[in-house]
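Subject: Structure handover

Hello,

Here is the structure I promised to pass on. Please open it first, then read the notes below.

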Amino acid sequence: MKYLITITILLFSVLQVQAQFLLTYDEPATAFSEAQRNDYRKPGYMQEALPLGNGRLGAMFSGGIAEEHIMLNDITLWMNAKRGLNEVEQSGTRIGAYKNFDKVREAYRNEKYGTAEGSMEATSTKYLSSEQPLGNYAPFTDVFITTNHNPNEVSNYTRSLNAFTGIGSVNYSIGKANFKREYFCSYPNDVLAIRYSAQNATINLSIKASSLHKITSLKADGNLLVLNGEAAMENDPIQFQKRVYIDAGKAKITANNNGELQVENAKDVKIYISAYTDYLPDYPTFKGRNFEADAEKTLETAVNLGYKVLKNAHVKDVSSLMDNCELNLEYKPLNLTTDELIKNGPSLELENLYFNYARYLQLSCSRNAPVPSNLQGLWNGHLKPAWNADYHTDINLAMNYWMVETANLPSSFAPYVSYLKMIAESGKYTARESFGIEQGWSMGLNGNVFGFTAPNVHGRRMQQSGAWLCQNLFEHYAFSKDKKYLEEIYPILKGAAEFYMEFLAPWKDGSLIVYPTWSPENAYLVKEFGKLNKQAYGASFEQQLALNLFTDCIEASIVLNKDEAFRAKLKTIIPKLTPQKIGQYGQIQEWPEDWDRPTDQHRHISHLMALHPGRDFSPLTTPELTTAALVTMKHRGDISTGWSTAWKTNFWARLHNGDKAHQFYQFLTSKRAYPNLFDFHPPFQIDGNFGGVAGVCEMLLQSHLRSINNSAKQIEQAAFVGYQNKSNSNHFIPKTPHDIIANAPYILHLLPALPSVWPNGSVKGLRARGGLEVDIIWKDGKLIEAKITAKTNTSFRVYSEGNLSQVFSLNKDEVKVWKSK
């Protein structure tokens, strides 16, 4: 009986581990119809097929019985844009716009609302907005593998994706014959590999390639199929190649004149696919890769290594990253397929799976590619995708990378850094040509892979995004304390700050504000001027971000011991920034004027940037601002789009309301998830997946506060506060940090927002600022133990159960175990 109990416990444990990482289905994904291809709003393949990726090369597989559809993506493949222009034009900026910049600002100073001629929006559109096409992220190519199996004869069908290993699978039987497939997209070897095998039967396959783009050549020869094509651009089409190699052992392979390979009477078939475009991240040409030679060499190397070696390397690579961080909630597996699990409604099993799966999506769509993940991560099957599947800089791009820090995937941040280097180079031309600013760089609302940094085509969408993008950039340093990295990105931080220093201008009250701007993507004075009345001055979110950027630059300059004069200038500017205000309803004002409406339930809540992902509003340090933030959250309501639901999860976690944070995470996982767990915005937008996981991390561990008074025993006296009240008014003035901020220990707040429905569980591998990793165990809603490991020489304080610890100092690899009292 003792052995039986042990075996039962082990089996239960295995089932739960599988449930935490395994997506399963009992039928194939819907075929990708022409109607779906032409309209991203029509659900089907994109919401049901399962994703694979190595950061640059992505794929989705349908698991079709008679025909398998493999959709391929390359993160660098865009269309309908421009490349290879001169340095100024490539930025997208309107040439000579700076000559009319003050004319635009005059409309703001005169408060010309609405959209009529002479308004803020109309003048911004007329004089500043880019006339250059942004283009869109595009699908790459497709592979169709036909078996001619009759779906009506199939039994025991399963389709699955193991997020821990990155292996996709299909299994089914026809009579006494069993058929199996495996799929994976290798990062170590940069190929997609597929294996078909059979027991008690042989395999007959037809393999063909296609593309929605112009195919310039398609040839099948021997075991090899080669497709060359080009994606339409406004100038200089993108060239690309895909190579497909078939290893069928001694089985017969026939190459047809129509570019198709036939496999007959095989027992085991391996398919290797390599693919590249001619894109290189070299401003302003953005080309030069020897894509044909690279595709040939990569494929040859993979074939020589063989399937087993490729698979072992792939599993080792993915599982090592997945094993860095893992959420374990206590629940009994429901033994449902993933689509049925979602339909079944909220469950701890679904919440646990969603967390671990989102980490898989992150490492699959962002590794060391030259550009970051976009609105759809890596996976797109539409020539006209939603919102161009571009880089939105009014939250979406930043949200894609919140979780790489806390959920322990820091290597996935490399493409973001590469992109910011490109943006900073392009943005200096936009700063000069659009605004007449000679120092620093500027970024607008939308970006592409060709360095587009210009103001948006619609004047109502005027935004300076440098501060927002740099927030992630500095956070990567805060989590690692890597001075070499800080040295690398410091010019980008400084350039962004230099732009704002010159762009800021005095308003009527004498404070410095950012304008033109808006509060993404909201309107004000709607009854008076219409729903497109969005352009504004001094929007709260951008003022908060400017303070965040300036404070980060001050710290960076101290750490690196450089630019003392620059640092001093920042310190004089900070207290002159327009204050944050509490409005007539007790809310955080979205604009300098009290235009907020209690009935406004807009999905964006940008004026709470200082609450999250910023660090300057906190229940522990700024009670008045926190109370006002709570009023704002109540006004905005609970039901929203996928990514907004994810952000609200983070907001409520930062407000230390675990049950409310969980309410949003639960809604995200059960009501804002497609069958393949892609985020349901609608339509698909991957930032919801990533933002939701960031929210879970915030529920369990927060580390954004700094201790600048290490002798203080109360956190409100110890922590740095970014805003101070002005004469007991509703105005809160930005505060200049003391130099001590550069070496101030971070405060690790353990279980700050643990939901009551997660009474027992554990999490391993969460990252905290200051170069720390933390494992946490809790039981009956209470902390049992936290294991804190230093990844560099560091110091920190712990805040737990209302108590603030002394400062602990650890050398690299040393461990501090914190137990509940």
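Let me start with one of the sheets. Seven strands form an open sheet, ordered S2-S3-S4-S7-S12-S17-S16, and their pairing is antiparallel. The edges belong to strand S2 (50–53) and strand S16 (252–255). Each has a single partner strand, so one side of each has no neighbour in the sheet. On average, neighbouring strands here are turned by 20° against each other, direction ignored.

Bear in mind that this is a predicted model.

Within it, Gly-53 faces Gly-58 of S3.

**The whole chain**

The protein chain has 23 helices and 37 strands. Its C-alpha atoms fill a box of roughly 85 × 75 × 50 Å along the principal axes. Does the radius of gyration agree or disagree with that of a compact globule? For 821 residues, such a globule would have a value near 28 Å. The protein chain has 27 Å, so the two agree.

**A second open sheet**

Another open sheet has five strands, in the order S19-S31-S32-S33-S37. Its pairing is antiparallel. Strand S19 (326–329) and strand S37 (815–819) are the edge strands. Both have a single partner strand, so each is left with one side that lacks a neighbour in the sheet. From one strand to the next, the twist averages 15°.

S19 pairs with strand S31 (residues 761–768). The two run antiparallel and share four bridges. Opposite Leu-327 you will find Val-763 in S31.

**Strands S1, S8 and S9**

Strand S8 (residues 154–162) pairs with strand S1 (residues 22–25) and also with strand S9 (residues 167–174). The S1 pairing is antiparallel, over four bridges. There, Leu-23 sits opposite Leu-161 of S8. The S8 and S9 pairing is antiparallel as well, with seven bridges. Asn-162 has Ile-167 in S9 as its bridge partner. S8 and S9 make a hairpin with four residues between the strands. In that hairpin, look at Gly-166: its phi is positive, near 75°.

Now the helices. Two packed helices are described by the angle between their axes and the distance between the axes.

From H14, the residues in contact include Cys-470, Leu-473, Phe-474 and Tyr-477. From H15, they include Leu-486, Ile-489, Ile-492 and Leu-493. By class, this contact has 12 nonpolar, two polar and one charged residues.

H15 also packs against helix H17 (residues 540–559). Here the angle is about 135° and the axes are 9 Å apart. H15 and H17 are therefore oblique to each other. This crossing, too, is left-handed. On the H15 side, Tyr-490, Lys-494, Ala-497 and Met-501 are among the residues in contact. On the H17 side, Glu-542, Leu-549, Phe-550 and Cys-553 are among them. The contact divides into 12 nonpolar, one polar and three charged residues.

Which residues of H15 meet both helices? Among them are Lys-483, Leu-486, Leu-493, Ala-496 and Tyr-500.

**Helices H20 and H21**

The axes of helix H20 (residues 642–654) and helix H21 (residues 658–671) come within 8 Å. They cross at roughly 160°, so H20 and H21 are roughly antiparallel to each other. H20 passes H21 in a left-handed crossing. H20 brings residues including Thr-645, Thr-649 and Trp-652 to this contact. H21 brings residues including Phe-664, Tyr-665, Phe-667 and Leu-668. Sorted by class, the contact has eight nonpolar, three polar and two charged residues.

Best wishes

Terms used:
Residues are numbered from 1 along each chain as its sequence is written. This is a predicted model: local features need pLDDT of at least 70, side-chain atom pairs count only at pLDDT 80 or more; totals for chains, interfaces and linings use all residues. Side-chain values use heavy atoms; hydrogens and water are left out. Two strands pair if DSSP finds at least two bridges between them. Axes are lines fitted to C-alpha atoms, for helices over the stretch in contact, and angles run from 0 to 180 degrees between N-to-C directions. Contact means heavy atoms within 4.5 Å. Ala, Val, Leu, Ile, Met, Phe, Trp, Tyr, Cys and Pro count as nonpolar, Asp, Glu, Lys and Arg as charged, and the others, Gly among them, as polar. The radius of gyration is taken over C-alpha atoms; the globule rule is 2.2 Å times the number of residues to the power 0.38. Angles under 35 degrees count as roughly parallel, over 145 as roughly antiparallel, 65 to 115 as roughly perpendicular and the rest as oblique. A crossing is left-handed if the near helix is turned anticlockwise from the far one by less than a right angle, and right-handed if clockwise.
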